[in-house]
Amino acid sequence: MAGEVEILELGGREVRITSPGKVLFEGRGETKLDLVRYYAAVGDPLLRTMGGRPVLMQRFPQGASGKSFFQKRVPDNAPEWLETTTVQTVNGTPSRALVIADLAHVAWAVNLACLGFHVWPSLADDQEHSDELRLDLDPMPGCDFAMVREAGRALKALLDEVGLVGYAKTTGNRGLHVYVRLEPRWDAYEVRSAAVAVARELERHHPELLTAAWWKEERGERVFVDYNQNAPHKTVFGAWSVRARKGAQVSAPIAWEELDEVHPDELTIPVVLERFADRGDPWIDMAPQSLEPLLAFHERDMASGLMDAPWPPVYPKMPNEPPRVAPSRAKAVEED
């Protein structure tokens, strides 16, 4: 098998797929070639959401059940036609990242055992602006997907209230992502500020269900609205991407009206392909919108005296940020 090669024509280019019969998902048996063919089958919606964006590659040389590593830099022996761009990682290090220009670029990455893609919220040619707000509904231990569904409905209602349209997808695991495509007018700091305000507003209206608490000890059995997924240089697992799970579950776009019908564990490669053939792309009408209605929440919160929410530890201390220490630890220090 190691000597086998399959030549595919994708995006007007020939792409070599080595060891095409290598099983990547042991739970179902999908191979490397199966994964490339899956991405080709959903190529149009995949490129609508990912095309032209830098991606971070997570490689699984032994398949989904094996160890992985993030490859932040495209190797020097990459083909000449491969499009790349320089991005800044979270810690400020510049890296040469892959840009998903077409399906040939997707297949090239899959050939390196990249199963799915972690996608930047900006286009490669305009990295100063984040054109996607990404709200991550992350269930804490003790939460089931019924609670995630309820959280999704609460978020949709808030967006409806301010005249914005959100687009939902499963994460490929336990949670739900909701995207708002933006006009390219705001940077990542502003988009994150809006996400913080949304998280706080949801917690005010649904305190038993949703939380904006950064510290895990304060979240309880609630769904955390992870606003920090919008911090500068952060990537989010992309729509239509396949998770590194034995069952090859997909981070699948869904229509709001089918939220109660789906469960993320059921959205495997063949199921998603069938759904796409029957229903098309649930995100087909995604269009740029204004962030201003959500920034109004942020401005109101700041005017009322609220501080910024905590940032992840890899970021430098930010203006108006509270002490970056867990409440229990801060209390212990005070008592000492």
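Me: What lines the second largest cavity?
Reply: In this predicted model, Thr49, Met50, Val119, Glu132, Arg134, Tyr179, Gly238 and Ala239 line the second largest cavity. A cavity is a set of points on a 1 Å grid over the protein atoms alone where a 1.4 Å probe fits but cannot get out, and lining residues have an atom within 4 Å of a point.

Me: Which elements give two or more residues to that lining?
Reply: Those are α2 (43-50) and β10 (132-139). Helices (H or I, at least four residues) and strands (E, at least two) are DSSP runs, numbered from the N terminus.

Me: How much space lies in the second largest cavity?
Reply: About 40 Å³, where a volume is the space filled by probe spheres set on the points, with grid points joined across faces, edges and corners.

Me: And how many cavities of 30 Å³ or more are there?
Reply: Three. The largest cavity has about 60 Å³ of space, and its lining includes Trp240, Glu258, Arg275 and Phe276. Helix α6 (residues 269-279) gives the largest share of that lining, four residues.

Me: Switching to pockets: what is the volume of the largest one?
Reply: About 430 Å³. A pocket is an open set with protein on both sides within 12 Å along at least five of seven lines.

Me: Anything on numbering and confidence?
Reply: Residues are numbered from 1 along each chain as its sequence is written. Local features need pLDDT of at least 70 and side-chain atom pairs count only at pLDDT 80 or more, while totals for chains, interfaces and linings use all residues, and side-chain values use heavy atoms, without hydrogens and water.
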